[in-house]
Every structure is written in structure tokens, then in C-alpha cells.
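Hi there,

Here is the structure I promised to pass on to you. Have a look at it first, and then read my notes below.

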Amino acid sequence: SSGINAEWPLRPGYQNYRQYFPGQNDVKGAIKAIHRLQDIYKIKAGHFSRGDPLGPGDGGLVRGQPLNIKALLLFVKDAYENEEWRKCAGWGQQAYYQLQTFRKHDPSTTIWFD
């Protein structure tokens, strides 16, 4: 099955708490919520992908971690499946940019794209 694997191995002692961890439906819901935020507030995929959803004009008030390539590709997939081509292109461009950036600094990160 493609998508998110909610059955990732856990460290010993954490198996009893798996039911409290987010699953595939939670991740899909979060992606859809971020897409709605993009629509309502006209936020660019590039700002989200860099962990700066409000953009550089907020003076650094809201800052998070940049999204990794796997997360970016989940956004691309969701936009594609919902025929939201502009979002698909925006998130895809961010994934491509990140891939090229990693390749430049660490060629071993060419992973499964070659």
C-alpha cells in the first residue's frame, strides 16, 4: 500500500501507546487543512516548505522546521489527486528545489530518484 505507514517500528516500551499516535487519516487531514490555509490566506508553498508560513514580512514571529522531501511529496500527491494543478506545481517545485539543494551539498542523498 502506498502512502504513510502508521505502523513504523517503535522503541521498546512504546508499543502500548501506538493507539495515541497520529495515523494515516490524521496526516491526510493535516495536509488538507494546510491546503485550505493556503487558499484562505494566499500562502505560498515555498513559505510552508521553509517553515515560514507567513513569509519574511512577519519579522520571524512564526517560524517552524522546514518540511522534508517526503512531506513535500505528500502535499504534491494530495494536490494531484484532487486535481489542484497550481498547488501540485507549487509543492512539486519546492520538492524539486530541495532535492537539487541536497544533491549539491550531499550527493549521497540522490536516494530513490535516480
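Which residues in H1 meet residues in H3? On the H1 side they are Val27, Ile31, Lys32, Ile34 and His35, and on the H3 side Leu74, Phe75, Asp78 and Ala79; contact here means heavy atoms within 4.5 Å. Helices (H or I, at least four residues) are DSSP runs, numbered from the N terminus.

Before going further, please note that this is a predicted model, where local features need pLDDT of at least 70, side-chain atom pairs count only at pLDDT 80 or more, and totals for chains, interfaces and linings use all residues. Residues are numbered from 1 along each chain as its sequence is written, and side-chain values use heavy atoms, with hydrogens and water left out.

Back to the two helices. The axes of H1 and H3 (residues 69-81) come within 10 Å and cross at roughly 75°; axes are lines fitted to C-alpha atoms, for helices over the stretch in contact, and angles run from 0 to 180 degrees between N-to-C directions. H1 is therefore roughly perpendicular to H3, a term that covers 65 to 115 degrees. Their contact has 6 nonpolar, 1 polar and 2 charged residues. Ala, Val, Leu, Ile, Met, Phe, Trp, Tyr, Cys and Pro count as nonpolar, Asp, Glu, Lys and Arg as charged, and the others, Gly among them, as polar.

Now for confidence. pLDDT is the predictor's confidence in each residue, from 0 to 100. The protein averages 80, and 75% of the residues score at least 70. Among the elements, H3 has the highest mean pLDDT (93) and H4 the lowest (87). Please be careful with two stretches: pLDDT stays under 50 over residues 1-5, and it also stays under 50 over residues 110-114. The model has 6 contacts beyond four places in sequence for residues 1-5 and 7 such contacts for residues 110-114.

Enjoy exploring it!

Best wishes

Key: Angles under 35 degrees count as roughly parallel, over 145 as roughly antiparallel, 65 to 115 as roughly perpendicular and the rest as oblique.
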